[in-house]
Amino acid sequence: MISKQTGVILLCVLTLTAVPVAVTAADFDVTTDDTIDVVDRTVEQGGSTFQITEVTQVDPSDQITVSVDAPADADFRMDVYNENGTPVGRAYEGTGSKEFNIDISGQGVSKAGNYAFIIQFDGVNEAAHPLVVRGYSVSADPPSSVTTGDTLSVDGSFNQLRGEEYNRVDVVVASTSSDEQKVKKASVDGDTFSASVSTDDLDTGSYDVYAVVRGSDIVFGGQEEILGLSSPQLLEIEGEESDSETTSSGGGSGGGGGGG
C-alpha cells in the first residue's frame with residue numbers, strides 16, 4: 001500500500017440530533033479493499049459534509065469488496081451515486097458492520113467518471129467514499145528525492161481506455177504528514193506529459209507525487225472530474241548542506257592529512 005498522506009476514510013462532520021440512540025456520523029465509515037490516498041478535501045453531498053482522503057479506482061470489469069462500519073443496531077442503506085448526485089444500480093442494506101462484494105459492471109457504473117458510495121442512516125447521509133471508473137491509465141515517474149530549492153521534474157504517460165476526452169493533466173505533490181500540497185498543470189505531448197515543480201516553498205520531508213487526468217465536467221467537491229490517477233510515488237525533499245558544515249568537514253579532513 002502507498003504511503004498515507006493525510007487518500008479514503010470519509011467522516012461526516014455533522015452530528016445526528018433526531019435519533020432514538022446516541023449515534024453520530026463518526027460511528028459510520030465506508031472503505032474498499034483497494035484505495036489510493038489523495039489530497040484531503042471537503043465535499044458536500046445531500047446536505048452532509050465529508051472529508052475525502054482516499055479514492056478507489058476501478059475498471060468496469062472489476063469486482064471489489066466494500067466494507068461498512070456501523071453501530072451494531074443501526075440499520076443502514078448504501079447507494080452508489082453518479083456525478084449528478086443520483087443513485088444508480090442496486091441499493092445495499094444491512095445492520096451493523098457488513099461487507100459487500102460488488103460487481104462494478106452489474107452496478108450500472110460502467111461509464112468512465114466519478115461516483116461515490118454513500119451510507120444513509122435514519123434518512124441522513126453518514127459516510128461517503130469516492131469511486132473512479134477510469135477512462136485513462138496513468139503512470140508518473142518522479143525522482144525518489146530532491147534537495148529543497150531544486151526543481152522537481154516529473155514525467156509520465158497516459159492512455160485512453162474508454163469514455164470522453166481529457167481536459168488536462170495535473171501533477172500533485174502532497175505532504176504525507178500535513179495538508180501542504182502543490183498542483184502543477186503538466187505539459188502534454190501526445191500520450192506523454194511532463195511538469196516542473198518548484199520546491200522553494202515546500203518544507204523538507206516526505207511527499208506523495210501522482211498524476212491526475214481530468215475531464216471538463218464539474219463533479220463532487222466543485223472540481224473537474226477525475227478520469228484516471230497514477231499510483232502515488234514517495235518523494236523525499238531533503239535540506240541543503242550548509243556552507244559551515246561543508247567548511248568544517250573540509251577543514252577537519254585537511255588537518256588530518258597534515259598530521260599524518
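Strand S2 (36–45) gives the most to the lining of the largest pocket, with 4 residues. That pocket has a volume of about 230 Å³. This is a predicted model, in which local features need pLDDT of at least 70 and side-chain atom pairs count only at pLDDT 80 or more, while totals for chains, interfaces and linings use all residues. Residues are numbered from 1 along each chain as its sequence is written, and side-chain values use heavy atoms, with hydrogens and water left out.

**The pocket**
- On a 1 Å grid over the protein atoms alone, a pocket is an open set of points where a 1.4 Å probe fits, with protein on both sides within 12 Å along at least five of seven lines; lining residues have an atom within 4 Å of a point.
- Volume here is the space filled by probe spheres set on the points.
- Of the 17 lining residues, Val39, Arg41, Tyr210, Arg214 and Gln223 are the closest to the centre of the largest pocket.
- At least two lining residues each come from S2, S13 (168–175), S14 (181–185), S17 (205–218) and S18 (224–229).

**The nonpolar cores**
- The largest nonpolar core has 24 residues, and Val30, Val68, Met78, Phe117 and Ile119 have the most contacts inside it.
- Such a core is a set of buried Ala, Val, Leu, Ile, Met, Phe, Trp, Tyr and Cys residues joined through side-chain atoms within 4.5 Å; buried means under 20% relative accessible area, exposed over 50%, and partly exposed in between, with a 1.4 Å probe and protein chains only.
- S8 (113–121) provides the largest share of this core, 4 residues.
- A second, separate core of 22 residues includes Leu152, Val171, Tyr207 and Val209.
- Beyond its neighbours within four places in sequence, isoleucine 119 is in contact with residues including Phe28, Val30, Val68 and Met78 (contact means heavy atoms within 4.5 Å).

**An open sheet**
- Three strands form an open antiparallel sheet in the order S1-S4-S7.
- S1 (29–32) and S7 (98–103) stand at the edges with a single partner strand each, so one side of each has no neighbour in the sheet.
- Strands are DSSP runs of E with at least two residues, numbered from the N terminus, and two of them pair if DSSP finds at least two bridges between them.
- S4 (residues 63–69) is joined to S7 by 6 bridges, and glutamine 63 stands opposite aspartate 103 in S7.

**Aspartate 189**
- Aspartate 189 is found in S15 (residues 187–189) and is exposed, with a relative accessible area of 61%.
- Its C-alpha atom is separated by 9.3 Å from that of serine 157, 32 residues apart along the chain.
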